[in-house]
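Subject: Structure for your review

Dear colleague,

Please find below the structure I am handing over to you, followed by an account of what was found in it.

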Amino acid sequence: MKRRTLLAGIGAVAALGATAPYRALALEASAAESHVQSAVREVLDIVQGSGDAKAKAAKLKSVMESRAAMPQIARFAAGQAWRDMSDAQQGSYSNAFSHFLSTVYARRFQGYAGETISVQGVVDESRKGSLVRSTVTQPSGAPIVVEWLVTDRPGRVVIADIVIEGVSLLLTQRDEVAGMLRAHGGDVDKLIADLNSA
């Protein structure tokens, strides 16, 4: 399996947004580490479990809603377009975005080939939150360093971003949505339909 398959899927669970307007309150390192470990276990249970991509998408969506603040994720990914949406469009877009992420990454899970993830410590990032460091070991290929930014600013512990080999998955997702929107000439309703068609 390509290295991006499992990692991108896990990124979907965690893509809250490091640049979202959140700052950690008094998050303990142990809480941040435990949250990442739990999220990883839940995703791997889906990946390794039975069922087709559609069934796994529904399970993944539940994990995403539990482990990340999906409305904020969607808002960040929409960028400037969010401000131009009506309330109804914002709601429809947020639902479509959640569907899109869970469906796309569940399909990628079908190529899972036995990667494992080990957590290796937590670094205090002050106002940003806690950075949980981990390594993904592949059956073949070099290990991959993955860093998880965790915050409790929304009133619960959430993963704010995942950085894989220096690349933020949150920012990558924002670029993807922007590209889809450009392809539809800035038409939000067409973007929503495109996300729902995934």
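The protein chain contains eight helices and five strands, where helices (H or I, at least four residues) and strands (E, at least two) are DSSP runs numbered from the N terminus. Read from the N terminus, the order of elements is α-α-α-α-α-α-β-β-β-β-β-α-α. The model is predicted: local features need pLDDT of at least 70, side-chain atom pairs count only at pLDDT 80 or more, and totals for chains, interfaces and linings use all residues. Residues are numbered from 1 along each chain as its sequence is written, and side-chain values use heavy atoms, with hydrogens and water left out.

Of the 198 residues in the protein chain, 48% count as buried; buried means under 20% relative accessible area, exposed over 50%, and partly exposed in between (1.4 Å probe, protein chains only). A contact is defined by heavy atoms within 4.5 Å. Among contacts between residues at least 6 apart in sequence, 61% join residues at least 24 apart.

Helix α2 covers residues 29-48, and its 20 residues should span 28 Å at 1.5 Å a residue, which agrees with the 28 Å between its end C-alpha atoms. The expected span here is 1.5 Å times one less than the number of residues. The buried residues of α2 are Ala32, His35, Val36, Ser38, Ala39, Val40, Val43, Leu44, Ile46 and Val47.

The axes of α2 and helix α3 (residues 53-67) come within 10 Å and cross at roughly 170 degrees. Axes are lines fitted to C-alpha atoms, for helices over the stretch in contact, with angles from 0 to 180 degrees between N-to-C directions. The two helices, α2 and α3, are therefore roughly antiparallel to each other; that term applies over 145 degrees, while under 35 counts as roughly parallel, 65 to 115 as roughly perpendicular and the rest as oblique. On the α2 side, His35, Ser38, Ala39, Glu42, Val43, Ile46 and Val47 meet Lys56, Lys59, Leu60, Val63 and Arg67 of α3. By class, this contact has six nonpolar, two polar and four charged residues (Ala, Val, Leu, Ile, Met, Phe, Trp, Tyr, Cys and Pro count as nonpolar, Asp, Glu, Lys and Arg as charged, and the others, Gly among them, as polar).

Helix α4

In helix α4 (residues 70-78), the buried residues are Met70, Ile73, Ala74, Phe76, Ala77 and Ala78. These buried residues pack against α3, α5, α6 and α7 (169-183). Gly79 follows α4 and has a positive phi, near 65 degrees.

The aromatic cluster

Rings of Phe, Tyr and Trp (its six-membered ring) pair if their centres lie within 6.5 Å; planes under 30 degrees apart count as stacked, over 60 as edge-to-face and the rest as tilted. By this rule there are two aromatic pairs. In one of them, the ring centres of Trp82 and Tyr93 are 6.2 Å apart and the planes stand at 65 degrees, so the pair is edge-to-face. Because Trp82 lies in helix α5 (residues 81-84) and Tyr93 in helix α6, the pair ties together parts that are eleven residues apart in sequence. Trp82 is buried at a relative accessible area of 11%, and Tyr93 is buried at 0%.

Tyr93 also forms a tilted pair with Phe97, at 5.9 Å centre to centre and 35 degrees between the planes. Both of these residues, Tyr93 and Phe97, lie in helix α6, four residues apart, about one turn of the helix. Trp82, Tyr93 and Phe97 form one aromatic cluster.

Individual residues

Phe97 is also among the contacts of Gln173: leaving aside neighbours within four places in sequence, Gln173 touches Phe97, Phe100, Leu101 and Tyr105. Gln173 is found in helix α7 and is buried at 4% relative accessibility.

Thr103 lies in helix α6 (residues 87-109) and is buried at 10% relative accessibility. Not counting residues up to four places away in sequence, Thr103 touches Ala57 and Ala198.

Asn95 is also in helix α6, but counts as exposed at 54% relative accessibility.

Finally, most residues other than glycine have a negative phi. Glu165 has a positive phi, near 50 degrees. Glu165 lies in the loop between β4 (158-164) and β5 (167-168) and is partly exposed at 48% relative accessibility.

Kind regards
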